[in-house]
Amino acid sequence: MSEELISDAVPSRTEPRQNRSRRLAAEALGSFFLFAAVVGSGIMAENLAGGNVAIALLGNTLATGAILFVLITILAPISGAHFNPAVSMVAWLRKELTASDFICYVLAQLAGGILGIFAAHLMFDLDILQFSTKPRTGIGQWTGEFVATFGLILTILGCVRFRSDWVAPAVGLYITAGYWFTSSTSFANPAIAIARSLSDSFAGIAPADVPMFIAAQLAGALCAAATAKWLIDPDTGNG
C-alpha cells in the first residue's frame, strides 16, 4: 500500500519524509496540546456549567474536536499526527512504521501528553500531580472503548484511502460524535487513558480502570485494521 496511515495523506507526494527527531517532536507537541485541551476544557466546562453535566460534556467535546482538526492539519505532514499508540500500532502492523519508530512514537505521545495534563492543572491553579478518583468501569464502558477505537481507526484508514484531504475534519468530527454516542465518552487512545488517570477532574479516570480501557482500545484497533484490510485496502485479487 502506497498511502501511509496519515503522514502521506496530507503532504504532497514530493515532500521528503521528516527525520525521526522532528517526527517525534511533532508527536510530543501534538499530544501535549491534545491532552491539555481534553483536560483543560473539562476543567473549564465543569467550572462554568454549574453542575450541569450535559453542558460540561458539550464544552469538553467541542474543544477536543476543534483541537484535533488543528493539530492534524498542521502536524500530519511531519509525523502523521498519530498522538495515539493505537494509531501507531496499526501503522506498524501495516509496515508504515518500523518497530523502533513505533516504540519511540508511543514514548513521545506519553511524555508530551502527560506534560499537557500537568500544564492544564497549572493553568487552572490546581495541584500539578494528581490521581483520578473517577470510576470508569464495566462491560458497557469497555464496549464503548472498543467501538470508539474501532470507528476511529476505520475513519482514518478510509479517509487515507479515499479522501486524504478529509482526514483532519473526519477525525475531529468522529471524536466529537464519539463523546456522545459511546458510554465511555470515546477515549479511543491508550496514552490519553494513562494521562487522564493523573487528573482528578471531569476528564479523569481512576488508575485501576485504565488497563481494561487500554485492552478494549487495542482490541478495537486490531479489529478495525483487519476489517480495513478486507473492506478498504486495494483489491489484491484474492476475492
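Predicted model: local features only at pLDDT ≥ 70, side-chain atom pairs only at ≥ 80, totals over all residues.
If you want to find them on the screen, they are Pro 85, Ala 86, Val 87, Ser 88, Met 89, Val 90 and Ala 91. What do they pack against? The buried residues of α3 pack against α4, α5, α7 and α8.

Now take one of those partners, α4. Two packed helices are described by the angle between their axes and the distance between the axes. Here the axes of α3 and α4 come within 10 Å, and they cross at roughly 175 degrees. An angle over 145 degrees counts as roughly antiparallel, and that is why we call α3 roughly antiparallel to α4. On the α3 side, the contact is made by Pro 85, Ser 88, Met 89 and Trp 92. On the α4 side, you'll find Ala 99, Phe 102, Tyr 105, Val 106 and Gln 109. Sorted by class, this contact has 7 nonpolar residues, 2 polar ones and no charged ones.

Let's zoom out to the cores. In soluble globular proteins, nonpolar side chains tend to be buried together. In this model, the largest nonpolar core has 58 residues. Those with the most contacts inside this core are Leu 34, Phe 35, Ile 72, Phe 83, Leu 152, Ile 153 and Val 171. Which elements give two or more residues to this core? They are α1, α2, α3, α4, α5, α6, α7 and α8. There is also a second, separate core of 5 residues, which includes Leu 24, Ala 91, Leu 97 and Tyr 105.

Leaving aside residues up to four places away in sequence, Ile 153 touches Ala 86, Val 87, Val 90, Ala 221, Ala 224 and Ala 225.

Next, some charged residues. Glu 145 is found in helix α5. Is Glu 145 buried or exposed? Its relative accessibility is 0%, so Glu 145 counts as buried. Again setting aside residues up to four places away in sequence, Glu 145 touches Ser 184, Ser 186, Phe 187, Ala 188, Asn 189, Phe 213, Ala 216 and Gln 217. Glu 145 and Pro 190 are 45 residues apart in sequence and 10 Å apart in space, C-alpha to C-alpha.

Asp 233 lies in the segment after α8. At 17% relative accessibility, Asp 233 counts as buried, because the cut-off is under 20%. Its side chain makes a polar contact with the side chain of Arg 94, at 3.0 Å.

Finally, two loop residues. Asp 125 lies in the loop between α4 and α5, and Ser 186 lies in the loop between α6 and α7. Asp 125 has a positive phi of about 55 degrees although it is not a glycine, and Ser 186 has a positive phi of about 55 degrees too, again without being a glycine. Which one is buried, and which is exposed? Asp 125 counts as exposed, at 71% relative accessibility, whereas Ser 186 is buried, with a relative accessible area of 3%.

Key: Residues numbered from 1 in each chain as written. Heavy atoms only, no water. Core = buried A, V, L, I, M, F, W, Y, C linked by side-chain atoms within 4.5 Å. Buried < 20%, exposed > 50% of the residue type's maximum accessible area, 1.4 Å probe, protein only. Helix = DSSP H or I, 4+ residues; strand = E, 2+ residues; numbered from the N terminus. Contact = heavy atoms within 4.5 Å. Axes fitted to C-alpha atoms, helices over the stretch in contact; angles between N-to-C directions. Parallel < 35°, antiparallel > 145°, perpendicular 65-115°, else oblique. Nonpolar A, V, L, I, M, F, W, Y, C, P; charged D, E, K, R; others polar. Polar contact = N/O pair within 3.5 Å; in protein donor to acceptor, adjacent residues only side chain to side chain.
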